[in-house]
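Welcome, and please take a moment with the sequence and the model before reading on.

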Amino acid sequence: MNRLNLFRLRSVTDQFSVKNISRWKPIRHLSSFKNPPDAERIQQFSIPKGILGQPTCHTHPHLISHGNLTCGVTQLEYKERRETLVSKLAEAENLHKTHVIVIPAARKQYMSDKIPYVFRQNSDFFYLTGCLEPSAILFMIKPADRDTYKTILFVHEKDSHAELWEGPRTGCSAATTLYSVDESQPVENFNNFMLRTLSSLKPAVLWYHNESPANPDIHDVVRSSLKQGHASLEDPQKCLHQMRVVKSPAEVELMKETCYIGSQSVNMAMACTKPGISEHAVSSVFEYTCRMSGAEHGAFPPVVAGGPRATHIHYVANNQLLQKEHMLLIDAGCQRWLYNSDISRTWPVSGKFSAHHKILYELVLAVQKRLIELLGEQRPPLDQLFDHMCRLLGLYLQQEGILPKNIDANELIGRAYRLCPHHVSHYLGLDVHDSPLVRRRIPVTNNMIVTVEPGIYIRPDDTSVPPEFRGVGIRIEDDVLITDGHPLILTDTCVKEVNDIEAIVGKQNI
């Protein structure tokens, strides 16, 4: 990221007693694949000079270090990911079949007529290529009974007229070198190439995500080629998600950066919170701070919910004014080089917790801290972590007299679930809800990044709890890296202790 912007972000937020962290030393990602004794493999990688279809270390040295394809990630790492995928998919089916893998990039989406949305690359395609250009196609083929495979990347060819309007393209000639593939072809060649390839193969397996295709423009062609050939259809996405859910060292560093930016931006939103301003103003402070610090945009439409609006879990209207007696819940994150942070905090608009708000807040905070400890002690599946949350919430609410003491354990858990009906955790990475095909019933492992986000939502009309606790929603969410030892909280610079929150809220003018 732009280190000048990072310095500015730190200098502003440090005045609010936010702890500095020491995990900003860049690391060199070391390949897990060793070079063969008769070849120096690294020599095949180089970044072409000139203006291409995406930033490079030559055109954007403030964003990408020398020798990397994208921020923090080398060409070698992307190629190793492709090798791993081919190896895993070939093992899943008969080795005597040819395997064809088709992973499309996203296409542009339009909000109206010729007005596009900000382009966002398909996560699976980006994970395997590092390519940021729309409508590209990754094609890999591993012939039967061979250990080798071929990679072809279909991209838009250079076109001076199109580039006049849309900006530079990499083109086929440079794409082969930039993305370290065996061959590049124009996207216009894909249809005939696909039909011709599959019709000549027997037997074969076509690996293609058939549901909700990333690029509907090629979907019919892929389906037609399947009918004309002798291939069976399989979905590579489950295998891809199993790869993506465990982060490489380079990905961990990227996640640390986006979590740091998101954390400090939430701190700034706290600092600018005052009675009478709008939820939208708080949201704008968060987004502005994220972008000024190196994030491309938000990870998702933020929730900025004052008072009873926080009991609507996905409230995103953000159009009300903040009142002095209310709490404010924010659920927001930022995206940097496609990697996402996801943070929730709750604080008093006035800057001072009321007695009853403090009881609820510290209750949720105690639950969250214990759940993070359990991730290190037991490494439970996320579904089991949710069960722990319900039990802890129920027990603590009962101890505070918010839930009655004359109910059995099962009813207590059910009452707690009703007050926190969302899951307590999900995987995090290239997508906010990352690797959704990896079930939350498997134990967590090293280098997974997960959220821990207990909450409590008591509607104004909920007569099952004492009236002084009604009309408030509280959620505390951190992003956590699973390690050999204690879990590493990547969002630990986002304040959450009562004293720290009260020291920050309202101390900065918009």
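Helix H5 itself covers residues 171–178, where the buried positions are Gly 171, Cys 172, Ala 174, Ala 175 and Leu 178.

Keep in mind that this is a predicted model. The chain has an average pLDDT of 91, and 91% of the residues reach at least 70. Two stretches call for some care, as the table shows.

| Stretch | pLDDT | Contacts in the model |
|---|---|---|
| Residues 1–8 | below 50 | 16 contacts beyond near neighbours in sequence |
| Residues 11–43 | under 50 | 54 contacts beyond four places in sequence |

Where pLDDT is low, the predicted coordinates should not be read in detail.

Now to a pair of helices. Two packed helices are described by the angle between their axes and the distance between the axes. For helix H6 (residues 190–199) and helix H7 (residues 216–228), the axes come within 8 Å and cross at roughly 20°. Angles under 35 degrees count as roughly parallel, and H6 and H7 are therefore roughly parallel to each other. The crossing of H6 past H7 is right-handed. On the H6 side, the contact is made by Phe 190, Asn 191, Met 194, Leu 195 and Leu 198; H7 contributes Ile 218, Val 221, Val 222, Ser 224, Ser 225, Leu 226 and Gln 228.

Note on methods. Residues are numbered from 1 along each chain as its sequence is written. This is a predicted model: local features need pLDDT of at least 70, side-chain atom pairs count only at pLDDT 80 or more; totals for chains, interfaces and linings use all residues. Side-chain values use heavy atoms; hydrogens and water are left out. Axes are lines fitted to C-alpha atoms, for helices over the stretch in contact, and angles run from 0 to 180 degrees between N-to-C directions. Helices (H or I, at least four residues) and strands (E, at least two) are DSSP runs, numbered from the N terminus. Angles under 35 degrees count as roughly parallel, over 145 as roughly antiparallel, 65 to 115 as roughly perpendicular and the rest as oblique. A crossing is left-handed if the near helix is turned anticlockwise from the far one by less than a right angle, and right-handed if clockwise. Contact means heavy atoms within 4.5 Å. pLDDT is the predictor's confidence in each residue, from 0 to 100. Buried means under 20% relative accessible area, exposed over 50%, partly exposed in between (1.4 Å probe, protein chains only).
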